[in-house]
Amino acid sequence: MTNLSNTTIAAPTRRIRWSRLLDHAVLIAGSLFLLIPLLIVLQTTTTTDVETMKNGPQLVIGSQFDDNLKDAMVKASGFSGENTGMSMLINSMILGLGFALGKIIIGMMAAYALVYFRLRFATLAFWLIFTTLLLPLEVRILPSYEIAQKLGLLNTYTGLIVPLIASATATFFFRQFFRSVPEELVEAARIDGAGPVKFFIDILAPLSQTMIAAMFIIMFVYGWNQYLWPTMITTDEDMYTLVRGIKQITQDLEGTNIPEYGRANMLALIAILPPVAVVIFFQSWFVKGLTESDK
Amino acid sequence: MAQVSLNNIRKIYANGYEAVTPTSFDIADGEFVVLVGPSGCGKSTLLRMVAGLEDITEGVLSINDRQVNHVDPADRDIAMVFQNYALYPHMTVRKNIGYGLKNRKIPADMIESKVQEAAKMLNLTDYLDRKPSQLSGGQRQRVAMGRAVVRDPALFLFDEPLSNLDAKLRHQMRIEIKALQRRLGVTSIYVTHDQVEAMTMADRIIVLNEGRIEQIGTPAEIYHAPASTFVASFMGAPPMNLIDARLADGQIMINGNTALAPAQGTGAITLGIRPEDVEIHDDAPIHFHVDIVEELGAHRLLHGQLADQDFTIHVGKDVAATPGATRIAIKPDCCCLFDPETGKAL
Amino acid sequence: MKRAGFTTTWLPILLLVPQLLIIAVFFYWPAVHALQSSFYLQDPFGFGSTYVGLENYTDLAQSSEYLKITRFTVVFTLLVTFFSLALALLLAVKADTVIRGARTYRTLLMWVYAVAPPVAGFIGLLMFNQSWGPLTDIARAIGWDFKLGVNFNDTATAMVIVSVWKQVPVNFIFFLSGLQSIPKSVREAALIDNRSASGRFWDVTFPLLAPTGFFLLIINITYALFDTFGIIDTLVKGEPGNNPMTLVYKVYVDGFRGNDLGGSSAQSVVLMVLVLALTVFQFRLVERRIHYT
């Protein structure tokens with residue numbers, strides 16, 4: 001028994017895990033790399049333009065946030081004086097929501113038709129639709145513009161939103177999802193006496209809730225962030241979105257006297273916040289939607 | 001109630017594959033028929049054609065003397081239990097069971113009372129407000145049953161309903177389903193690949209292989225008088241022993257000149273003997289060499305060689321057995337003879 | 001298609017019509033139109049056009065400016081793709097190992113996904129501000145007189161940095177989800193077979209991430225080619241001048257500003273071919289799950 005007391009029981013060493021610390025250091029550095037630019041934008045929205053011009057971004061939070069915000073929302077830039085922050089915010093909302101809704105509704109309809117019906121020309125429709133995944137809008141931007149012009153869609157919300165919907169990302173996504181829904185559900189529903197409309201409303205749509213939410217987030221962000229197409233299609237300043245108006249915001253920084261840092265950065269901040277907030281709040285849906293779209 | 005009649009039903013898929021060759025049989029009122037066979041034998045296709053989930057390429061299907069080839073599944077007066085249950089995951093048990101009634105425009109209070117009745121029958125009353133994800137496998141199975149029962153259909157269709165359950169639960173549900181079917185007296189077609197399920201549940205078994213019917217018969221007929229070597233080896237565990245033999249001088253001969261049992265005819269045959277139709281005696285006529293003794297508690301399986309061919313014997317727990325040479329006798333009238341070329345019973 | 005699909009015919013057609021109509025008008029029509037007008041020379045004053053065959057294409061091939069832009073686009077794409085993938089992979093691997101604060105890190109590393117490219121460009125303008133931009137200050141501290149919009153290489157550097165900043169989060173999300181989908185049993189088996197963490201990474205984790213990596217490679221190339229438009233346009237403040245530009249930006253400048261519709265269409269067609277080639281490449285290589293062959 002005495003032997004037992006002799007055996008050295010290793011004291012629980014508080015070994016510092018250097019590798020663990022390194023992991024955190026890398027992650028913190030990465031986070032700062034992404035975050036600091038935003039903090040600088042934030043800081044400059046709280047100070048006066050003179051201060052920013054003289055000293056650049058500082059570590060103090062100024063008191064000018066309210067004034068800058070008021071300036072950004074109400075004061076117009078440009079010639080017509082109609083693109084206030086407020087009007088641009090509304091246009092961005094319309095583009096983001098309209099694009100997301102349009103894309104989801106049209107995509108779900110088409111995907112439902114392709115997956116759940118025996119249709120003779122389904123294969124042809126499939127190829128017609130999915131070829132659109134091959135060419136981004138950017139490579140056919142000029143002819144698209146000409147066509148929108150011919151159809152009288154310049155400076156309209158229709159012209160802003162509908163051409164952007166002309167790719168099948170959402171359709172593809174919903175098709176993948178519908179195909180993963182167990183076959184027996186539609187069979188059980190058919191035996192239970194549900195027709196195609198009833199099956200969609202009672203069973204498929206409720207089952208797709210998470211997917212719809214994920215799609216909505218991705219599409220809202222995508223629509224909100226559109227730049228090239230709005231730049232071409234909207235020339236009236238009252239049709240500008242925040243992201244489209246960014247060029248004018250940069251021109252405010254070129255002013256002859258004191259650049260309007262406060263107002264410009266505030267507008268940039270307003271352009272950033274809604275999509276970022278959506279992505280952060282609905283993070284798990286968003287990540288699921290994004291990463292499952294490639295399968 | 002339903003009389004189901006299949007007349008030369010055939011299924012050819014768009015890619016040209018013939019899943020079911022022209023097949024005919026009738027099912028009587030209240031009968032429990034089991035379609036059994038290995039995977040890919042066409043049993044599920046046949047069931048799905050009866051359900052209306054699969055087009056019938058050729059032939060006539062009638063239920064209650066009404067031809068239903070082109071009738072929508074919802075209008076065939078059938079109910080189906082699926083292998084993975086196919087419960088609607090976003091609906092409560094109550095809504096799952098009542099969905100088919102709701103679609104038939106039955107008043108809400110009537111649906112509720114029917115759902116309650118079905119739930120009581122299946123011990124689901126306490127779970128009516130749960131979602132399928134909150135239920136155990138056996139409970140989900142019962143909900144799927146409830147969905148079928150509540151509709152009071154003319155015909156129940158079961159598509160391997162127990163294959164997702166563990167062995168113990170499967171045994172229990174087997175008895176429950178059979179009891180329920182007896183009580184309700186509803187004609188049923190049950191598809192399975194498990195021969196034990198087929199044997200224990202069926203009034204009549206239909207054995208399928210490669211899209212063809214191998215044999216139709218009661219469990220006893222199928223077991224004791226298999227129509228082919230396929231049925232002989234598919235039904236029963238361990239399967240029937242099949243050994244090469246020949247007929248000569250009114251005897252079944254193996255291994256040159258050992259006579260096994262009397263039989264008429266001449267030439268080579270395949271001989272089928274159930275493992276339990278063999279007795280061990282020290283003074284019995286046939287040599288058998290035991291290689292392995294499989295101890296199963298209630299009985300033992302002796303695996304070994306009979307005339308240099310694999311052979312298994314089933315003996316009771318009170319028969320002592322050790323590896324080595326022993327002597328056996330075949331019980332009278334227990335030999336099945338098959339044509340070695342076609343595999344058909346002689 | 002499901003085995004037991006509905007047999008109604010009018011409903012699916014009705015459901016498909018909106019989608020087909022939109023892509024006919026805003027996809028096929030423009031695509032064909034681009035192809036067509038690439039064979040014509042547009043009168044700069046809008047008085048019609050003349051058929052010139054392949055002249056627009058030969059002009060492109062002979063234009064030293066176009067070649068220079070192509071060269072820049074290639075270098076730019078390589079740099080952006082490499083750095084955003086490498087950084088994201090490093091961060092994803094670390095985020096996958098830490099337990100404490102994993103969720104916070106994930107949020108902090110992915111929010112930039114939602115920032116619009118031109119807004120990212122705008123932020124770049126602040127960071128590289130001539131008089132007080134923090135990055136200009138840092139450059140100056142190491143003796144680099146950074147002049148955004150004046151010096152070609154400095155502007156190009158800013159474009160790369162901003163584009164990488166904007167793209168790291170997407171790659172991070174995909175890599176992290178790829179890492180998390182590696183079965184626990186595989187990791188545990190590797191833990192038993194290999195003592196060294198970096199050995200485990202290169203022998204087991206990295207090959208299993210290869211499909212994600214290839215998918216992202218294509219995504220990143222497409223991003224660098226097309227989606228960086230907003231970043232570039234803002235960083236040069238809409239004044240291309242002698243600043244670096246990518247092929248897509250050139251399409252826009254020639255077609256929309258310079259009114260050279262034929263030339264611009266020819267450029268569009270070149271880009272279409274490029275994207276098609278990329279897609280074919282993607283299907284050929286990525287769809288084949290490389291880690292199991």
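Two strands pair if DSSP finds at least two bridges between them, and strands themselves are DSSP runs of at least two residues (E), while helices are runs of at least four (H or I), both numbered from the N terminus. Keep that in mind as we walk through this predicted model, where local features need pLDDT of at least 70, side-chain atom pairs count only at pLDDT 80 or more, and totals for chains, interfaces and linings use all residues. Residues are numbered from 1 along each chain as its sequence is written, and chains are lettered from A and ligands numbered from 1 in the order in which they are written.

Buried here means 20 or more other C-beta atoms, placed from the backbone, within 10 Å of a residue's own.

Now over to chain A. Its secondary structure comes to 16 helices and 2 strands, and 48% of its 295 residues are buried. How confident is the predictor? pLDDT, its confidence in each residue from 0 to 100, averages 84 in chain A, with 89% of the residues scoring at least 70.

Chain A also touches chain C. Counting two residues as in contact if their C-beta atoms, placed from the backbone, lie within 7 Å, the contact takes 75 residues from chain A and 78 from chain C. On chain A's side, helix H2(A), residues 18-44, gives the most, with 11 residues.

Note on methods:
pLDDT is the predictor's confidence in each residue, from 0 to 100. A residue is buried if 20 or more other C-beta atoms lie within 10 Å of its own, exposed if 12 or fewer, and partly exposed in between; C-beta atoms are placed from the backbone.
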